[in-house]
Amino acid sequence: MNREIFRPNKEFSKNARIKNMCEYHELQDWATTDYEGFWGSYAKEKIDWIKPFDNVLDESNFPFVKWFIGGKLNVSAQCIDRHLGSRKNKAAIIFEGDRGDKQIITYLELSYNVNRFANLLKNEFDVKKGDRVVIYMPMIPEAAYAMLACARIGAIHSIVFGGFSAEALKDRIIDADAKVVITADGAFRKGIPYMLKPVVDEALAGETPVRKVLVVERNFEDITWVAGRDYSYNEIIKHQSVKCEPEVMDAEDPLFLLYTSGSTGKPKGVQHNQAGYILWAQMTMEWVFDVKENDTYWCTADVGWITGHTYIVYGPLAMGATTVMFEGVPTYPDAGRPWKMVEEYKINQFYTAPTAIRVLHKSGEDEPTKYDLSSLKVLGTVGEPIDPPAWKWYYEAVGGSRCPIVDTYWQTETGGHIISPLPGATPIKPACATFALPGIIAEILDENGVRAEVGEKGLMCVTRPWPSMIRGIWGDEERFVKSYFSDIKKDGKSVYFTGDGAVYDEDGYITITGRTDDVINVSGHRMGTAEVEAAIKKHPNVAEVAVVGKPHEIKGEGIFAYVVLKSDNGIADELEEMRAINDVIKKEIGNIAICDDILFTLGLPKTRSGKIMRRILRSIAKGEEITQDISTLEDPSIVAIIASAVQI
Ligand code: WT7
């Protein structure tokens, strides 16, 4: 595996927070030899404590760990109030709407907006510390205000991505037992209004714990208002005071839930707490993007995903940066949109997903040449392994062969980056997440907890708890332990297993190879095959189904479903049947889970004990030769039948 190496730009390194690999190793050695000293020192330096913590870490009840015990803080104060001295007139959020409308929100304005919002929730909706608030919003500044307002009063927000269906939204509302939903009438996409509020109405039909719905009017399309339940934000916000004392929160009080897919049909409510999360969000912003005081930083994610939480809202604001928020899609009105924005706002750090890079490359290869991209200093990617051709185009055409690309590896559960290059220090290899960040003690292990050899594919683990680590799965302690801490033991002690495979190269660089479980990665979004299967099974004509991932040129992975229909009904019209199945998926999960391929088959390859052999189905979907032993199958002939159907 001899890959080209790109060394950091000397000028850049000189001013970077971490300037070279020696400094990196010094920090990592400090963390390794004095873990609590390392973290305690950063927590003291970076967080504006209301009351200092007494102890750094309590792992006595591992994996239920506690960080910064006894410390009191407020995350919204960390993100806003402490900047009101020197940065009150600095842009906190630069918003660009789908149709090119713009807003610049200074830290002082952000403070007013968030305080008003917090008062609204507290005084009009009776939201109290610890209550759950579901946020189902487009990418507009009010989404950030809503998050920070919850943080201000100690409510736990749970954002549900706007692409999820009413069913999916309802499940999450019920699981979190939320009493308030914050939404918008809708927003704009490719110049056209789309709606969210009707989805909320549908989700709230029947019994739910929701008492109040707050609607931000963004596109002013007609919506239905339920008297006594639905309120217009635009109206009631006007009457709120701009002063709301931040709630005093314990370091380990929950900050938010974010539902993500696992290996069963039911999504997991990943819980993050206050101090550890915000500390690492801020530290990784500083180290990995190396954002400077006058820089403008843009992450293209949606607030509905963890990237939007940590790297659009919490991380940038905690460090007092200027963060760009974009409502639209990168290819509208054309594939030059992001580069036009880079030129216009003089963006310094640009962070996006490989799937977006592939789309922009494919549909606008020469677009970057039309704009002045010289402001760019650091480029980032996240969400899935990036393929070398996309990396090369990003590096050369967008970054002018001048900007390091930080390939940041992390997950909803890790809260922030765990493996990533440092732009001023790490010699980069294309499409490689490189090394664990200082403070993160990570290792690729085999199933027995032994460090993987060079070139040997192993399991990506974190062997010590870290501050921004997941604290629990909402309402399901057992699943928390089972999902992350029961597969691998190192020296007899359970370690955190990410679910990803990874490999060391001869220089110790880490390359992530993808999920080892039944989770697939569609356009950088996690989708549980079991979740899609559970949705498809709701179709009355479906007897059995197995879902696998299949490589996809743009999305990274696409969804491939093998479906056995109930025999007595037969297949009247295959296309019609496919449409009907995708309609069920749209209803149960949302458009993001639509299948790229559906194959109707007479049976599935199963062992005699009834277990579906997905490995075989994955190989068939890829068009690979079947080399696995199929003699243990209940009916080995089914493999050839399915394989020949796929080739047609
Ligand atoms: C999964 C986490 C992390 C924010 C967005 C997705 C994959 C993430 C990388 C990367 C290779 C990556 C992993 C991980 N992943 N970043 N740089 N290289 N794979 O968050 O929905 O929790 O998904 O995304 O498979 O487990 P998520």
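# Briefing on packing, rings and backbone

Pro333 is found in the loop between strand 17 (322-326) and helix 12 (337-345), where helices (H or I, at least four residues) and strands (E, at least two) are DSSP runs numbered from the N terminus. This is a predicted model, in which local features need pLDDT of at least 70 and side-chain atom pairs count only at pLDDT 80 or more, while totals for chains, interfaces and linings use all residues. Residues are numbered from 1 along each chain as its sequence is written, and side-chain values use heavy atoms, with hydrogens and water left out.

**Backbone features**

- The peptide bond that joins Tyr332 and Pro333 is cis, with omega at about 0°.
- A cis peptide bond also joins Phe62 and Pro63, with omega at about 5°, and Pro63 has its place in the loop between strand 1 (55-58) and strand 2 (66-69).
- As background, most peptide bonds are trans, and most residues other than glycine have a negative phi.
- Asp290, although not a glycine, has a positive phi of about 50°; Asp290 lies in the loop between helix 10 (274-289) and strand 16 (296-299).
- With a relative accessible area of 3%, Asp290 is buried, a word that here means under 20% relative accessible area, with exposed meaning over 50% and partly exposed in between (1.4 Å probe, protein chains only).
- Asp491 likewise has a positive phi of about 50° without being a glycine, and is found in the loop between strand 24 (489-490) and strand 25 (493-494); at 72% relative accessibility, Asp491 counts as exposed.

**Helices**

- Helix 2 (residues 21-33) packs with helix 3 (residues 35-46) at an angle of about 115°, their axes lying 4 Å apart; the axes are lines fitted to C-alpha atoms, for helices over the stretch in contact, and angles run from 0 to 180 degrees between N-to-C directions.
- Leu27, Trp30, Ala31 and Thr33 of helix 2 meet Tyr35, Gly37, Phe38, Ser41 and Tyr42 of helix 3, where contact means heavy atoms within 4.5 Å.
- The residues of this contact of helix 2 with helix 3 divide into 6 nonpolar, 3 polar and no charged; Ala, Val, Leu, Ile, Met, Phe, Trp, Tyr, Cys and Pro count as nonpolar, Asp, Glu, Lys and Arg as charged, and the others, Gly among them, as polar.
- Helix 16 (residues 529-536) is mostly covered, since 7 of its 8 residues are buried, including Glu531, Val532 and Glu533.

**Aromatic rings**

- The model holds 46 aromatic pairs; rings of Phe, Tyr and Trp (its six-membered ring) pair if their centres lie within 6.5 Å, and planes under 30 degrees apart count as stacked, over 60 as edge-to-face and the rest as tilted.
- The rings of Phe6 and Trp391 have centres 5.1 Å apart and planes at 50°, so this pair is tilted.
- Because Phe6 lies in the segment before helix 1 (10-15) and Trp391 in helix 14 (residues 388-398), the pair ties together parts that are 385 residues apart in sequence, and both Phe6 and Trp391 are buried.
- Tyr311 and Trp410 form an edge-to-face pair, at 5.1 Å centre to centre and 85° between the planes; Tyr311 is in helix 11 (residues 306-318) and Trp410 in the loop between strand 20 (405-408) and strand 21 (442-445), 99 residues apart.
- Ring pairs link a cluster whose members include Trp30, Tyr35, Phe38, Tyr42 and Trp287.
- The charged end of Arg99 sits over the ring of Phe188, 3.5 Å from its centre, and that of Arg172 over the ring of Phe164, 4.3 Å from its centre; the rule asks that NZ of Lys or CZ of Arg be within 6 Å of the ring centre and within 35 degrees of the ring normal.

- Thr260 lies in strand 14 and, at 7% relative accessibility, counts as buried; the C-alpha atoms of Thr260 and Thr412 are 7.3 Å apart in space, while the two residues are 152 residues apart in sequence.
- Gly262, found in the loop between strand 14 (254-260) and strand 15 (268-273), counts as buried at 1% relative accessibility.
- Not counting residues up to four places away in sequence, Gly262 touches Lys268, Arg479, Val519 and Gly528.

**Cysteines**

- The count comes to 0 disulfides, a disulfide being a pair of cysteine sulfur atoms within 2.5 Å.
- Cys244 is in no disulfide, and its nearest cysteine sulfur, that of Cys150, is 11 Å away; at 3% relative accessibility, Cys244 counts as buried.
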